[in-house]
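Reader: I have a structure to go through and I'm new to this. Can we take it step by step?

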Amino acid sequence: MNLIFLGAPGAGKGTQAEIVCEKLGIPAISTGNMLREAVKQGTPAGLAAKEYMDRGDLVPDEAVIGILKERIAQDDAKNGFILDGFPRTVAQAEALEQMGVVIDRVVEIRVPDEKIIKRMSGRRVCEGCGSSYHIQYNPPAEEGKCDKCGGNLVQRVDDKPETVLSRLQTYREKTEPLKDYYCKKHKLISVEGQEEIADTAKLTMAAVTARI
Ligand code: AMP
């Protein structure tokens with residue numbers, strides 16, 4: 001199964017992708033995590049992406065498409081994958097098609113902007129493996145430490161309130177048109193993001209398996 005999780009930054013795509021990928025036995029692929037790793041490693045791709053990411057802008061399509069293409073060619077993605085944070089533009093969606101990737105389902109997770117802004121201030125990510133946490137809704141067992149790898153949990157530079165607003169605007173302008181794109185292809189199902197992660201997970205799993 002090839003799935004796309006769509007939604008504004010902070011809607012919970014990453015958290016849901018981590019849950020659903022375990023249930024389905026396919027990898028969750030986050031272009032945001034891959035780009036953050038490239039920035040950390042100081043690779044040329046990372047250095048080029050950093051300024052866009054820090055501002056809350058999208059990294060140019062060609063760069064992200066290249067990274068994604070390499071990732072989905074890896075062995076663990078042979079039986080399917082969940083894309084979290086890709087595509088973010090219609091050009092990226094078209095590039096997926098040109099790669100011959102058939103998308104089975106696109107799940108949109110909807111959360112009102114006011115809630116997103118609140119959520120982002122409590123979001124933490126693991127420096128080591130990129131797993132997401134929230135100080136209130138999804139805290140780690142030990143404060144500041146990742147349950148999965150023991151790495152340090154940090155706030156993302158682009159989760160600052162002023163950058164969040166610009167990321168929401170970018171989402172509306174560049175990514176939301178994808179809803180129409182996938183709706184016309186009869187692939188889109190929307191779920192309302194709930195207060196409890198487990199409740200959203202139930203809705204998301206139902207959307208993944210529902211007939212359209
Ligand atoms: P995310 O972790 O998905 O919120 O992504 C963090 C940042 O990485 C975004 O604000 C963008 O700057 C960049 N990014 C991640 N995925 C993409 C993509 N598909 N296209 C362009 N930029 C991306």
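Author: One term to start: a polar contact is a pair of N or O atoms within 3.5 Å; within protein, one must be able to donate a hydrogen and the other to accept it, and residues adjacent in sequence count only if both atoms are side-chain atoms. This is a predicted model, where local features need pLDDT of at least 70, side-chain atom pairs count only at pLDDT 80 or more, and totals for chains, interfaces and linings use all residues. Residues are numbered from 1 along each chain as its sequence is written, and side-chain values use heavy atoms, with hydrogens and water left out.

Reader: How far is an oxygen atom of the ligand from the side chain of Arg 156?

Author: That oxygen lies 3.1 Å from an N or O atom in the Arg 156 side chain. The protein covers 96% of the 480 Å² of accessible area that the ligand has on its own (Shrake-Rupley method, 1.4 Å probe).

Reader: And what is 2.9 Å from a nitrogen atom of the ligand?

Author: An N or O atom in the side chain of Gln 92. A polar backbone atom of Gly 85 is also 2.9 Å from a ligand nitrogen.

Reader: Which side chain does Tyr 137 make a polar contact with?

Author: The side chain of Glu 195, at 3.4 Å.
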